[in-house]
Protein chains: 2
Amino acid sequence: MSLEHVCIIGSGNWGSAIAKIIGNNVHKYPQQFSPTVRQWVFEEMIDGKKLTDIINNDHENVKYLKGVPLPVNVVAVPDLVDACKDATLVIFVLPHQFVRGICEKMKGSLSPGARAISLIKGLEITPSGTRLFSEEISRILDIPCAALSGANIADEVARERFCESTIGCESVEDGQVWHRVFHTDYFRINVIKDYTGVQLCGALKNIVAVGAGFSDGLGLGSNTKAAIIRLGLMEMRKFGQTFFGDMVQNETFFESCGTADLITTCSGGRNRKVAEAFVKTGKPIAQLETELLNGQKLQGTLTAQEVHEFLTGKDMVPEFPLFDTVYRIVYEGASPEAIVRDV
Amino acid sequence: MSLEHVCIIGSGNWGSAIAKIIGNNVHKYPQQFSPTVRQWVFEEMIDGKKLTDIINNDHENVKYLKGVPLPVNVVAVPDLVDACKDATLVIFVLPHQFVRGICEKMKGSLSPGARAISLIKGLEITPSGTRLFSEEISRILDIPCAALSGANIADEVARERFCESTIGCESVEDGQVWHRVFHTDYFRINVIKDYTGVQLCGALKNIVAVGAGFSDGLGLGSNTKAAIIRLGLMEMRKFGQTFFGDMVQNETFFESCGTADLITTCSGGRNRKVAEAFVKTGKPIAQLETELLNGQKLQGTLTAQEVHEFLTGKDMVPEFPLFDTVYRIVYEGASPEAIVRDV
């Protein structure tokens, strides 16, 4: 049996936390995995030094995961083609806007029989349709692609705080391989087949978190917030089953990628926080993004808008009252109280 | 069609909040419900006045729901038999230890064809078996009994804060009647058939909340807490389906009585709070009950013990690692860290 060669594409906060796990895990199965884990790192200069050199010499990603030692067998590679050359297992953990360009550059470099997994949150929703990032990766590279998502704040995972995550993978055999790549005592993996549901949850939860933030902003208490979370979970499921059919399983919403991630996102998280401030201050979202997020775009409001356009095209807006209400509060000046009146 | 006569048995915090809803709701359907709602109130003297007189004159339960006006058609009755005479719809909302005695006294007073609903949290778990309070009521009074449970903190409901609740009722026809009795814009009712699951959730959630409190006490963050909540939800479901079979539906755990109530209970709530203090202070639970709960018994630890004895009798303790771990931390001196190590 030839060894699996693991390559991680991406080196941000989450990519670094995952690199720590994978670097350790490959040693547990030396007959299955090559001991070297290559990580493609977008080269940056940090105090006159290359980030890849810092990672390879000091075994720490000082920019994105400061203070957490990385396993010495995680090797940072600045060139994408060098990084993924002959890889058999490719982990995509980078911002979604780079996926297509990166995949195009990787074409022809992977080992035959390579498989991928997407840790990218979100999915593309346009008026004409939806597209999962796992499917985009699969399409461009012509390899199978699974998905991983769960209640996984990167810094907590890096500090080995117990949590769970869900892998959606059609092939049972590949699912077992991915389980070995990711599972630890503190990062517990459930493998299911429903890769679609896994990715949908990661995207749609952010709309619900905006709704939960409105409730917090109005000071409505924990009954109300729990009701919004539950109604949101039900709309996430309905969205999946309406537009993806039987591929999306009820059970997925009980997994870490479903209920658990939604709970975390609605209790902490930037979407909740900015939405709370939106109600309390009356400032527009764009201004709050500047003030609270250093100008980064809020995911939940963006997704609410994309979902709204998509549902408008299908003439199905009223079928998803919570998603619609979040949209109307953010973009059409509806009163925040609508979050408990119109859902 | 003869009118339904509604009687509420109990007048605590939750009973009073519910009396407010029901008193208003009966007016919406004057051809179905008698306009008078009788409420059995355990007589107490408040500043030299009878509590029933205060409720009937001032329309406020000054002891258990101060500051919330009650509808004038809610009539407090100190005598149990007077209160329930010829009632057709009986709402049980009183501490569980009184259920049997009260039901025995009510025998023969209700209208033929009467139906009941239990708002009593918890169920009886002994080494030899489990018993739902709805079934006890049904058995003693020989009438059908539904159950209501959800993410419903009484004070928030009394202040008309939006939330949801779940009614489990085998008969579709009776379910529609109960929906009319309880549903409002701010207290939204879903009726399902699974009255067993509804009641199981209300009891078992408290064990999970103790586990969530341990996680808070250890400062483990929101990923970990979300994982404990999710694992707990799965053990609640497994418990139901193992010991009650197909009666307990997957879908029930997506209802307000399931996910939503669990979220509320694990975010606020006394079980979570005392468990957090248990870890932080190292004091025994009994001492914390004295200090934090005025000597009242904590439900979650008691239920953990009952479930442990029940599972021991079935030789199935290891099948429920979260319930078991909570038990061992509270009663056997296991380290609180077991909550993330042994589940």
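Helices (H or I, at least four residues) and strands (E, at least two) are DSSP runs, numbered from the N terminus.

Before the details, some bookkeeping. This is a predicted model, in which local features need pLDDT of at least 70 and side-chain atom pairs count only at pLDDT 80 or more, while totals for chains, interfaces and linings use all residues. Residues are numbered from 1 along each chain as its sequence is written, chains are lettered from A and ligands numbered from 1 in the order in which they are written, and side-chain values use heavy atoms, with hydrogens and water left out.

Let me begin with one annotated residue. UniProt, in an unreviewed entry, puts the feature "active site" at A:Lys205. UniProt positions are given here in the numbering of this model, feature names are shortened, and annotations may be inferred rather than shown by experiment. A:Lys205 sits in helix α8 of chain A, residues 195-217. Is this lysine buried or exposed? A:Lys205 is buried, at a relative accessible area of 9%. Buried means under 20% relative accessible area, exposed over 50%, and partly exposed in between, with a 1.4 Å probe and protein chains only. Leaving out residues up to four places away in sequence, A:Lys205 touches A:Lys121, A:Met236, A:Asp261, A:Leu262 and A:Thr265. Contact here means heavy atoms within 4.5 Å.

Two of those neighbours also pair with each other. A:Lys121 forms a salt bridge with A:Asp261, with the closest N and O atoms 3.2 Å apart. A salt bridge is a side-chain nitrogen of Lys or Arg within 4 Å of a carboxyl oxygen of Asp or Glu.

Now the domains of chain A. The domain assignment gives domain 1 as 6-193 and domain 2 as 203-341; such bounds come from an automatic or database domain assignment. Taken over C-alpha atoms, the centres of domain 1 and domain 2 of chain A are 28 Å apart. Their contact takes 17 residues from domain 1 and 16 residues from domain 2 of chain A. Between them, domain 1 and domain 2 of chain A bury about 1400 Å², 65% of it on carbon and sulfur atoms. Buried area is the accessible area (1.4 Å probe) that two parts lose on being put together, summed over both. On the domain 1 side of chain A, A:Ile125, A:Pro127 and A:Ala151 supply 34% of the area buried against domain 2, more than any other three residues. The count between these two domains of chain A is 1 salt bridge.

UniProt has its own entry for this part of the chain. The unreviewed entry lists "domain: Glycerol-3-phosphate dehydrogenase NAD-dependent C-terminal" for residues 194-340 of chain A. Over residues 194-340, chain A is 75% helix and 0% strand, with the end C-alpha atoms 32 Å apart.

Next, the interface between the chains. The contact takes 38 residues from chain B and 38 residues from chain A. Chain B and chain A bury about 3200 Å² between them, 54% of it on carbon and sulfur atoms. Which residues of chain B lose the most area to chain A? They are B:Asn223, B:Arg230 and B:Phe254, together 25% of what that side buries. The count between chain B and chain A is 6 salt bridges. B:Arg230 forms a salt bridge with A:Glu164, where the closest N and O atoms are 2.6 Å apart. On the chain B side that touches chain A, α6 (154-158), β11 (163-168), β12 (187-192), α9 (221-244) and α10 each supply at least two residues. Of these, α9(B) gives the most, with 12 residues.

Helix α10 of chain B, residues 256-267, is largely enclosed by the rest of the structure, because 11 of its 12 residues are buried. Among the buried ones are B:Cys257, B:Asp261 and B:Thr265. After α10(B) comes B:Gly269, whose phi is positive, near 85°.

Last, two loop residues of chain A. A:Asp142 has a positive phi, near 55°, in a residue other than glycine. A:Asp142 is in the loop between α5 (133-141) and β10 (145-149) of chain A, and counts as exposed at 69% relative accessibility. A:Asp315 is not a glycine either, and has a positive phi of about 60°. A:Asp315 lies in the loop between α13 (299-314) and α14 (321-331) of chain A, and counts as exposed at 69% relative accessibility.
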